[in-house]
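Please look over the model shown here.

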Amino acid sequence: MFEITVNNRVIDAEEGETILSALTRVGIRVPTLCHLPDLPPMGACRICIVEVEGAEGDGLVPSCSYPVAEGMRIFTNSRKVINARRTLLELLLSNHPDDCLYCQKSRDCRLRKLAEEYGVRERAPGKRFREKLRDLTGASVVRDASKCILCGKCVRVCEEIQKVCAIGFVGRAGRTVVAPVFHQSMNVSSCVGCGQCTLVCPTGALVEHSSLDSVTAAVGDPEKCVVIQHSPAVVLAVAEEFGLKPGMDVPGLLNAALRRIGFRKVFNSAFATDIAIQERSKELVERLKSGTNLPLIVACSSAVPFIEEFYPDFIPNLSTVRSAQSILASLIRTRFAEAEGIPPDRIFSVASAPCTARKSEAAHAVPGGEAALDAVLTSRELLRLIRLYGIDFNSLIPEPADIPFAVRSTAGKLADVSGGTAEAILRTTHRLLSGRELKSMKIESVRGLDPLKETTIRVGDAEIGVVVVSGLGTA
Ligand code: SF4
Ligand code: SF4
Ligand code: FES
């Protein structure tokens with residue numbers, strides 16, 4: 001540990017760390033566009049430059065990759081630094097489309113915010129914006145190469161964290177774009193729809209494929225019976241966004257909000273999670289007895305295509321039980337439609353889920369089939385919908401979900417947290433095999449945020465091992 005001086009203030013720094021890391025630790029903010037905290041620096045955008053006294057050339061260095069040195073004197077906001085950052089932003093914006101008003105990322109666009117902060121108010125003379133280069137073929141992700149600033153974050157997340165490598169830099173020099181290999185469209189690439197690239201993209205170049213228009217159109221159509229299922233993870237997102245306090249009946253408030261928007265019926269998808277857990281436990285018992293296709297792999301909506309694409313040898317190990325979202329979609333179009341006397345094709349069935357991969361999963365259902373969903377809204381889209389309809393949570397009184405898909409066990413609620421599904425399956429499997437409940441209903445060793453958790457449970461003479469994996473890269 002040694003001292004460095006930043007904007008005339010002395011701070012501690014550690015040997016080997018970057019300037020950005022030392023500054024971030026003490027709360028000094030430096031703008032970044034290509035930096036990903038968990039990966040080595042890429043140095044693509046240069047927006048993180050700071051001035052280092054005595055450094056070579058003009059003294060400007062990229063803070064995300066430049067190491068600290070004892071006694072270093074750094075200026076993060078000198079006139080030289082601010083002018084250089086503004087010039088970089090002007091260059092990035094020189095051919096950037098200017099449809100910010102209509103851009104899906106508008107509210108969260110990092111580039112737009114920086115342009116505003118640094119006072120970039122007009123396009124460099126003689127420059128023209130690029131024409132739209134949109135690829136709408138992906139069920140989960142929309143790519144618009146005209147808005148890409150080639151920061152590389154998406155490529156690195158897809159390759160180094162998710163280990164999918166669905167997208168990369170394609171073309172040369174001024175024609176370089178981020179795209180699937182050979183400029184293929186997203187729907188024929190190896191993209192598994194996880195949406196992680198959309199979360200790191202600083203512009204509107206990669207966004208989730210929005211279903212809001214079709215949902216709002218259906219809600220306004222008197223011929224349609226619009227129903228929605230929501231999961232516990234979505235309820236959490238709503239609570240966070242609207243600052244709803246612990247102890248409040250957030251699922252009840254969400255039910256009320258969705259009815260005000262115009263959804264005819266609001267169902268709890270945890271009802272179907274309970275069914276899925278029962279079925280998967282039975283499947284595990286059968287496989288344990290027959291000794292075939294073990295280990296049983298219960299995978300999420302992005303892990304299923306990941307295994308199919310990259311580890312086809314494990315396809316027989318995948319659980320044959322459909323996801324809770326798909327099970328409830330079937331029940332809605334069959335049992336519910338019959339009970340209510342509604343023709344199935346008049347039902348507009350919506351699922352609200354935490355992850356974009358659920359959109360890809362829904363896109364694989366047979367169109368018009370009993371498991372068909374008409375739209376999947378991510379938590380972010382659902383929050384936008386709630387804002388669009390001007391819902392004020394403070395004025396709502398909690399309401400129950402609609403019968404018959406309203407009840408759930410604690411297992412149904414647990415399933416949306418890491419290790420929750422494994423815990424629920426282990427409990428049920430123990431009961432099916434031994435006729436008794438587990439001594440403790442909590443299996444702590446599969447809970448928590450550790451990306452890899454392992455445990456065993458004993459049933460009579462047998463031992464059942466379980467591994468819980470979070471993240472495709474860990475898998
Ligand atoms: S959605 Fe996931 S798999 Fe597809 S390109 Fe983005 S990060 Fe890669
Ligand atoms: S698509 Fe987005 S994240 Fe990927 S390189 Fe372009 S701007 Fe960066
Ligand atoms: S954040 Fe440092 S070069 Fe992009």
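## Surface patch

Leu288, Leu294 and Leu433 form a nonpolar surface patch of about 210 Å². Patches take residues with over 30% relative accessible area and no salt bridge; like charges are joined within 9 Å, and nonpolar side chains (Val, Leu, Ile, Met, Phe, Trp, Tyr) within 5 Å. Accessible areas follow the Shrake-Rupley method with a 1.4 Å probe, and for residues only the protein chains shown count as cover. Leu433 belongs to helix 15 (residues 420-434). Helices (H or I, at least four residues) and strands (E, at least two) are DSSP runs numbered from the N terminus. Leu433 is partly exposed because its relative accessibility is 34%; buried means under 20%, exposed over 50%, and partly exposed in between (1.4 Å probe, protein chains only).

The model is predicted: local features need pLDDT of at least 70, side-chain atom pairs count only at pLDDT 80 or more, and totals for chains, interfaces and linings use all residues. Residues are numbered from 1 along each chain as its sequence is written, chains are lettered from A and ligands numbered from 1 in the order in which they are written, and side-chain values use heavy atoms, with hydrogens and water left out.

## Salt bridges

The whole structure holds 21 salt bridges. Each is a side-chain nitrogen of Lys or Arg within 4 Å of a carboxyl oxygen of Asp or Glu.

| Pair | N to O distance |
|---|---|
| Glu241 and Arg387 | 2.5 Å |
| Asp402 and Arg259 | 3.0 Å |
| Arg427 and Glu423 | 3.2 Å |

Glu241 sits in helix 7 (residues 232-241) and Arg387 in helix 13 (residues 379-388), 146 residues apart. Glu241 is partly exposed at 36%. Arg387 is partly exposed at 32%.

Asp402 lies in the loop between helix 13 and helix 14 (410-414) and Arg259 in helix 8 (residues 250-261), so their pairing ties together parts 143 residues apart in sequence. Asp402 is buried at 14%, while Arg259 is partly exposed at 24%.

Arg427 and Glu423 are 4 residues apart in helix 15, so about one helical turn separates them. Both are buried.

A salt-bridge network links Glu208, Arg380 and Arg384.

## A buried lysine

Lys147 is in the loop between strand 7 (141-144) and helix 4 (153-161). Lys147 is buried, because its relative accessibility is 6%. Its side chain makes a polar contact of 3.3 Å with that of Asp99.

Key
Polar contact = N/O pair within 3.5 Å; in protein donor to acceptor, adjacent residues only side chain to side chain.
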